[in-house]
Amino acid sequence: MSDSLILTIIIVAVVAVVAIGVIAFVTKGRKPKTPYTSERDADDLPTGQSAEGDTDAAADTAGASDAPIAVQEPAAPAAPQLDVPEPVQGRLARLRARLTKSNNMFSKGLLALLSQDSIDEDVWEEIEENLLMADLGTEPALELVDALRERVKIEGSKDPARVKAMLREELLKLVDPSLDRSYLPEPHPDRPSIIMVVGVNGVGKTTTIGKMARVLVAEDKDVLLGAADTFRAAAAEQLATWGDRVGVPTVRSEIDGADPASVAFEAVAAGIDQEVDIVMIDTAGRLQNKVGLMDELGKIKRVVEKKATIDEVLLVLDATTGQNGLQQAKVFSEVVNVSGIVLTKLDGTAKGGIVVAIQRQLGVPVKLVGLGEGPDDLAPFNPEDFVDALLEG
């Protein structure tokens, strides 16, 4: 064998050994491929590689590809915050304070006159004048003066405490504690109690209904409101706002000037379907069409009574109007059989004698009184607290 052939064989052998070594080194540095556990599509990417061709950085962490992905659910909307109406008894405590500020003619004027050493005819006339200025009314004022005359003559006492006691007893007789002042109609087994609220515009009728809803909610009653004052702009919206604050629904029409009787009927029907305790119906105090206000109120009453009997008709009056409110009361009572009075604004400027005058003229009791501007400034009327408030100024 020639030397050149031997050299060639050696060179080839060296090259082969080097090549085998290089291949073995490269092969040893690679990771074995993980077999797919499911059938693959042609466009599936290799494990750990993103669509952009980058190796998944999370693959450096053992088991990271199997970790569950946390999905954050959107937060549920918060439930609307409802007002918690003040308990009824808490409202009564404010009655004396408010009336004391506005009715000191009783406590200071009358008591001073009755405590004089000598009460002649001029003094009795002054006492009568003070009572008339307090909107007591002519007949009740004369009755009170006559009763006091007789008692002062018989007892002859000038002691201020005794005079005050006499005046309290006679005033309480005029206010008449024997009248039924319950404002919650008796429950019915198959339908809600129906309260119809009437009164002229400007007396705070819709606001009073909203405050009444708070009183009833505080008494744990399920209430539904009917916005049948369809002739006053925004009346339904105002009523619904009051209801929303304490979670009370309102039945209303989206059409301005809709038939009030129809809305009232639908409210009663909804109250029956929803099995509420009480349905309160707001009514117009003034109409812009040719139909008389009293005719419309009579129609509402007739239409509602096709579905359920009206248990209570409350007339809302502004206490500051005094004797003028008596004429309103008389007209309303002739049409819708008023069963109770709600006196608003019985604070600051009101004269307490109007309570006696209204009850005398209508023969129906004052059941609720509005004491101020606050949402819970409406309270059941209590004769004893009322008279005490008049005498504490």
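Is Asp-282 buried or exposed?

Asp-282 counts as buried, because its relative accessibility is 1% (buried means under 20% relative accessible area, exposed over 50% and partly exposed in between, with a 1.4 Å probe and protein chains only). This residue is found in strand β4, residues 278-282 (strands are DSSP runs of E with at least two residues, and helices runs of H or I with at least four, numbered from the N terminus). When neighbours within four places in sequence are left aside, the residues in contact with Asp-282 include Lys-205, Thr-206, Ala-228 and Asp-229, where contact means heavy atoms within 4.5 Å.

## Basis of the model

The model is predicted, so local features need pLDDT of at least 70 and side-chain atom pairs count only at pLDDT 80 or more, while totals for chains, interfaces and linings use all residues. Residues are numbered from 1 along each chain as its sequence is written, and side-chain values use heavy atoms, with hydrogens and water left out.

## An aromatic pair

One aromatic pair is found in a search of the whole structure (rings of Phe, Tyr and Trp, the last by its six-membered ring, pair if their centres lie within 6.5 Å; planes under 30 degrees apart count as stacked, over 60 as edge-to-face and the rest as tilted). The ring centres of Phe-381 and Phe-386 lie 5.1 Å apart and the ring planes stand at 55°, so the pair is tilted. Phe-381 is buried, with a relative accessible area of 5%, and Phe-386 also counts as buried, at 1% relative accessibility.
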